[in-house]
Amino acid sequence: MAPELTLHEDRLFSADGAVRQISRRIYAETKDLPIISPHGHVPPAWMSENLSFGNPTRLLLTPDHYINRILHANGVELSELGVPVTRTDMTEADNRAAWRTFCAHWSDFNGTAMRYWLTDQLVGVFGVTQRPSIETADEIYDTIQAWIDDDNHRPRALMDQFKIEFIATTDDPCDDLHDHEKLAADAEFSAKHRVAPTFRPDKYLTPANPDWNQRVDTLGEVAGVDVSTLAGLTSALENRRAYFKAHGGVSTDHGIQDLDAAYLDAQDAERLYGKARAGEITAAEATALHHHLIMDQVRMATEDGLTLTLHPGAFRDHDRATFEAYGADVGCDIPYAIEVTRATREMLNRFGNHPNLNLVLFTLDEDVYSREIAPLAGFYRSLYIGVPWWFIDAPESIMRFKQSVTEMAGFSRISGMIDDTRAFCSIPARHDMMRRLDAAHLANLVAAHRLDEDEAIEQARKLVVDNPKKVFKL
């Protein structure tokens with residue numbers, strides 16, 4: 001008989017019995033609260049078209065770069081997992097083979113955050129009771145497939161079952177947002193759920209990219225603006241930000257290499273823009289123009305009120321061969337160290353206390369949260385601390401984050417939970433994990449007589465509900 005796969009009711013709580021009891025009481029007050037997910041990557045078409053998830057491999061393996069990278073490190077070719085997600089040639093036999101490969105490597109995930117999320121999904125969502133292995137792979141596949149084939153498990157029904165009140169997608173500035181329009185027009189759905197677009201303009205703010213000119217032309221066409229000048233590009237970006245806001249958008253999202261932002265002299269900026277449009281700009285000039293454009297996005301946020309999120313620190317597509325074979329977002333992005341205090345000084349001196357700006361900083365550099373971001377957020381009124389994401393969204397690193405940033409900036413300066421996921425069925429697992437860790441952290445403060453229990457319960461609710469609503473202006 002195969003070993004059972006189980007979820008312990010006290011997972012992530014302290015081994016100390018007295019502290020564990022406090023954690024249970026705090027968690028009981030937040031575990032059933034609705035999910036607010038203001039930053040993620042679920043395709044809006046899943047909800048607007050109420051699409052089936054297809055099969056277990058397509059749902060859980062192919063799009064998940066967390067899983068793909070561990071399997072790749074342990075000898076699995078990404079093509080065996082259906083990567084890239086745009087492939088249409090995976091047969092039923094291919095999908096089953098991919099699932100068997102994953103199950104055969106189950107022990108490679110021991111101790112990882114992925115093991116935690118996967119177990120929570122397999123048991124809590126799909127009703128799997130057997131531990132994955134080569135022997136149990138087909139039976140588990142069939143269990144999940146039967147779950148997927150049930151119409152009660154389409155995305156719209158799951159929005160109800162998972163208690164997702166608000167979810168943001170990530171969208172290109174040129175997107176017509178028809179999926180969001182369709183959802184907003186559905187009175188029954190929109191009465192219970194809000195799906196908001198997020199403005200992601202990275203590709204239009206990076207003149208060094210080979211396709212930048214083509215993208216700027218497209219942006220101008222969509223916005224109906226002449227982009228032959230920098231003023232034209234600025235107008236086009238403002239136009240599309242307004243379009244996103246009119247369609248329910250609450251934030252903009254920026255994946256950048258560093259946090260430097262500085263305005264150029266107006267004449268210099270226009271000159272560099274002209275060189276970029278002519279394909280004559282140098283690498284150093286392109287960087288200077290990029291920093292100018294980022295600063296102007298902050299300025300725009302003070303005017304239109306969209307929350308601005310910055311997340312530097314990811315070396316994209318570190319492995320050239322993998323990128324050439326499969327494209328981006330397949331697991332070979334790697335963290336690196338960043339500097340925050342000096343890099344953000346000009347930005348924060350200009351906009352850091354602006355009453356209409358909410359600026360959220362994320363990073364993959366764990367140390368910089370306590371060393372620089374928390375002290376900055378503990379002073380500047382517009383600055384909030386983005387919770388750990390990507391490589392540092394594991395239980396251990398999240399607890400280190402909680403302990404290190406709250407001692408300097410308190411709880412009020414934290415963004416609230418950000419799941420940052422492409423995997424729809426991992427959303428409840430990720431939010432539940434954070435609520436458990438909130439309870440565990442707060443229970444330690446109660447046990448150490450630094451908070452009363454009623455204060456800890458109130459604080460836990462604020463982290464789940466009040467903080468994200470305030471930071472993202474919901």
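I take two strands to pair if DSSP finds at least two bridges between them, and I take helices (H or I, at least four residues) and strands (E, at least two) as DSSP runs numbered from the N terminus. My entries concern a predicted model, in which local features need pLDDT of at least 70 and side-chain atom pairs count only at pLDDT 80 or more, while totals for chains, interfaces and linings use all residues. Residues are numbered from 1 along each chain as its sequence is written, and side-chain values use heavy atoms, with hydrogens and water left out.

**Entry: the sheet**

I looked up the pairing of β4 and found that this strand and β5 (residues 251–254) run in the parallel sense over 2 bridges. Within that pairing, I noted Thr 252 in β5 as the bridge partner of Phe 199. I then followed the sheet across and recorded an open sheet of 5 strands, in the order β4-β5-β6-β9-β10, with parallel pairing. I marked β4 (198–199) and β10 (383–385) as the edges, because each has a single partner strand and one side of each is therefore left without a neighbour in the sheet.

**Entry: helix α19**

The 21 residues of α19 should span 30 Å, and the end C-alpha atoms of the helix are 30 Å apart, which agrees. For burial I used relative accessible area with a 1.4 Å probe and protein chains only, where buried means under 20%, exposed over 50%, and partly exposed in between. On that scale α19 is mostly covered, with 18 of its 21 residues buried.

**Entry: cavities**

I searched a 1 Å grid over the protein atoms alone, where a cavity is a set of points where a 1.4 Å probe fits but cannot get out, a pocket is an open set with protein on both sides within 12 Å along at least five of seven lines, and lining residues have an atom within 4 Å of a point. Grid points are joined across faces, edges and corners, and a volume is the space filled by probe spheres set on the points. I counted 4 cavities of 30 Å³ or more.

The largest cavity has a volume of about 140 Å³, and of its 14 lining residues the closest to the centre are Gly 416, Met 417, Met 434, Asp 438 and Leu 463. I found that α18 (395–409), α19 (427–447) and α20 (453–471) are the elements giving two or more residues to this lining, and that α19 gives the most, with 4 residues. For classes, I counted Ala, Val, Leu, Ile, Met, Phe, Trp, Tyr, Cys and Pro as nonpolar, Asp, Glu, Lys and Arg as charged, and the others, Gly among them, as polar. The lining of the largest cavity then has 9 nonpolar, 2 polar and 3 charged residues.

The second largest cavity holds about 80 Å³ of space. I listed its lining as Pro 63, Asp 64, His 65, Tyr 66, Asp 420, Thr 421, Arg 422, Ala 423 and Arg 430, which divide into 3 nonpolar, 2 polar and 4 charged.

**Entry: the second largest pocket**

I recorded about 450 Å³ of space in the second largest pocket, where the closest to the centre of the 22 lining residues are Gln 161, Phe 162, Pro 428, Ala 429 and Asp 432. At least two lining residues come from each of α6 (113–124), α8 (155–161) and α19, and α19 gives the most, with 6 residues. By class I have 11 nonpolar, 3 polar and 8 charged residues in the lining of this pocket.

**Entry: single residues**

I checked Asn 467, which lies in helix α20 and is buried, with a relative accessible area of 8%. Taking contact as heavy atoms within 4.5 Å, and leaving aside neighbours within four places in sequence, I found Asn 467 in contact with Phe 411, Ser 412, Ile 414, Ser 415, Gly 416 and Lys 462.

Most residues other than glycine have a negative phi, and most peptide bonds are trans, and I therefore looked for exceptions to both. A cis peptide bond joins Val 83 and Pro 84, with omega about 0 degrees, and Pro 84 has its place in the loop between α4 (65–73) and α5 (92–104). Asn 50, which is not a glycine, has a positive phi of about 50 degrees; Asn 50 lies in the loop between α2 (44–48) and α3 (56–61) and is partly exposed at 23% relative accessible area. Just after α19, His 449 takes a positive phi of about 60 degrees; this residue lies in the loop between α19 and α20 and counts as exposed at 73% relative accessibility.

Conventions: Expected span 1.5 Å × (residues − 1).
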